[in-house]
Amino acid sequence: MSQVNKEIVNQIEKEATANRAKWIAVTKNQSPELISELYDMGLRSFGENRVQEMLEKQAILSKDIQWHQIGHLQRNKVKSIAPFVHLIHAVDSIELADEIEKQGKALNRRIKVLIQVHIAAEEEKFGIEAADLHAFIEMLKQRNYQFLEVKGLMGMATFTEDQNQVASEFALLHSCYEAIRNSDNFVAAQIDTLSMGMSGDYKIALQNGANLLRIGSILFK
Ligand SMILES: *Cc1c(COP(=O)(O)O)cnc(C)c1O
């Protein structure tokens with residue numbers, strides 16, 4: 001049985017705040033009871049990567065929780081989370097974006113998303129290649145979505161001990177983020193979120209401009 005590591009929770013809160021960043025607690029594979037403990041410490045933002053698990057937890061936990069869908073999302077799962085999801089972190093195809101727009105329209109609800117950029121050396125990680133990002137955003141622009149709202153970018157660094165490699169991957173994502181924030185693109189005005197940094201690399205992410213961390217395993221002992 002795991003427990004919440006309160007010292008770590010408080011430490012992350014402090015480090016994030018000092019860097020004007022926010023963070024979400026990634027609670028995949030963790031029980032609703034542990035989420036309630038984090039909730040009682042004041043946390044309101046939680047991340048899950050499996051839709052079914054998010055739905056089960058959302059149904060029984062407090063309705064003021066902001067649920068973040070952080071993992072790869074299949075199109076046929078969008079409908080079930082569309083009524084409540086706070087932010088979808090991992091949009092990586094036009095087809096998925098179209099489906100989010102469709103479900104948002106059906107509910108008359110704007111749905112906030114991030115575009116996942118593939119910054120890691122590992123091929124199995126999802127996301128749009130940095131080199132293709134501009135073209136992808138042009139495609140989104142042509143769709144003229146009324147319900148899907150792009151808020152920024154998300155990425156995962158390579159799982160490696162090499163801190164320089166991780167730092168350079170985060171720096172690349174940060175430069176993509178600045179580029180779209182400063183462009184006169186349709187999304188520029190609403191872009192305010194750069195989601196990067198997990199338990200093993202969040203300090204490097206903060207040094208490289210992250211403003212939303214996704215922290216899981218180190219919160220539990
Ligand atoms: C699991 C997960 C995290 C959190 O990872 P930890 O190493 O447990 O902090 C962050 N982002 C995504 C997309 C994840 O799947």
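The legends below describe close-up views of a predicted model.

**View 1. The largest pocket of the predicted model and its lining.**
The volume of the largest pocket is about 720 Å³. Its lining is made up of 31 residues, and those nearest the centre are Lys-28, Lys-125, Met-156, Met-198 and Arg-214. Sorted by class, the lining of the largest pocket holds 13 polar, 12 nonpolar and 6 charged residues.

**View 2. The second largest pocket and the elements that line it.**
The second largest pocket contains about 450 Å³ of space. It is lined by 23 residues, and Lys-22, Ser-45, Gln-66, His-68 and Leu-212 are the closest to its centre. Three elements, α1 (6–18), β1 (22–26) and β3 (66–69), each give two or more residues to this lining. Strand β1 gives the most, with 4 residues. The lining of the second largest pocket divides into 8 nonpolar, 8 polar and 7 charged residues.

**View 3. Strand β9 and its pairing with β1.**
Strand β9 covers residues 212–215. Leu-212 and Arg-214 point one way from the strand, while Leu-213 and Ile-215 point the other way. All four of these residues are buried. Strands β1 and β9 run parallel and are joined by 4 bridges. Within this pairing, Leu-212 of β9 stands opposite Lys-22.

**View 4. Strand β5 and its partner strands β4, β6 and β7.**
Strand β4 (residues 87–91) runs parallel to β5, with 2 bridges between them; here Val-91 has Ile-115 of β5 as its bridge partner. Strand β7 (residues 148–155) is also parallel to β5 and is joined to it by 7 bridges. In that pairing, Gln-116 is partnered by Met-154 of β7. Strand β6 (residues 128–129) pairs with β5 in the parallel sense over 2 bridges, and Ile-128 in β6 is the bridge partner of Val-117.

**View 5. The β-α-β unit that includes β4 and β5.**
Helix α5 (residues 94–107) forms a β-α-β unit together with β4 and β5. The unit is right-handed.

**View 6. Side-chain contacts of His-118.**
His-118 is part of strand β5. Its relative accessibility is 12%, which is under 20%, so His-118 counts as buried. The side chain of His-118 reaches the backbone oxygen of Glu-122 at 2.8 Å. A polar contact of 2.9 Å links the side chain of His-118 to the side chain of Glu-129.

**View 7. Two asparagines with positive phi, Asn-29 and Asn-144.**
The phi angle of Asn-29 is near 65 degrees, a positive value in a residue other than glycine. Asn-29 sits in the loop between β1 and α2 (32–40). With a relative accessible area of 57%, Asn-29 is exposed. For Asn-144, phi is near 50 degrees, again a positive value in a residue other than glycine. The loop between α6 (133–143) and β7 holds Asn-144. This residue has a relative accessible area of 53%, so Asn-144 is exposed.

Definitions and conventions: Residues numbered from 1 in each chain as written. Predicted model: local features only at pLDDT ≥ 70, side-chain atom pairs only at ≥ 80, totals over all residues. Heavy atoms only, no water. 1 Å grid on protein atoms, 1.4 Å probe; cavity = no way out; pocket = protein on both sides within 12 Å on 5 of 7 lines; lining within 4 Å. Points joined across faces, edges and corners; volume = space filled by probe spheres on them. Nonpolar A, V, L, I, M, F, W, Y, C, P; charged D, E, K, R; others polar. Buried < 20%, exposed > 50% of the residue type's maximum accessible area, 1.4 Å probe, protein only. Pairing = 2+ DSSP bridges. Right-handed = clockwise from strand over helix to strand, strands pointing away. Polar contact = N/O pair within 3.5 Å; in protein donor to acceptor, adjacent residues only side chain to side chain.
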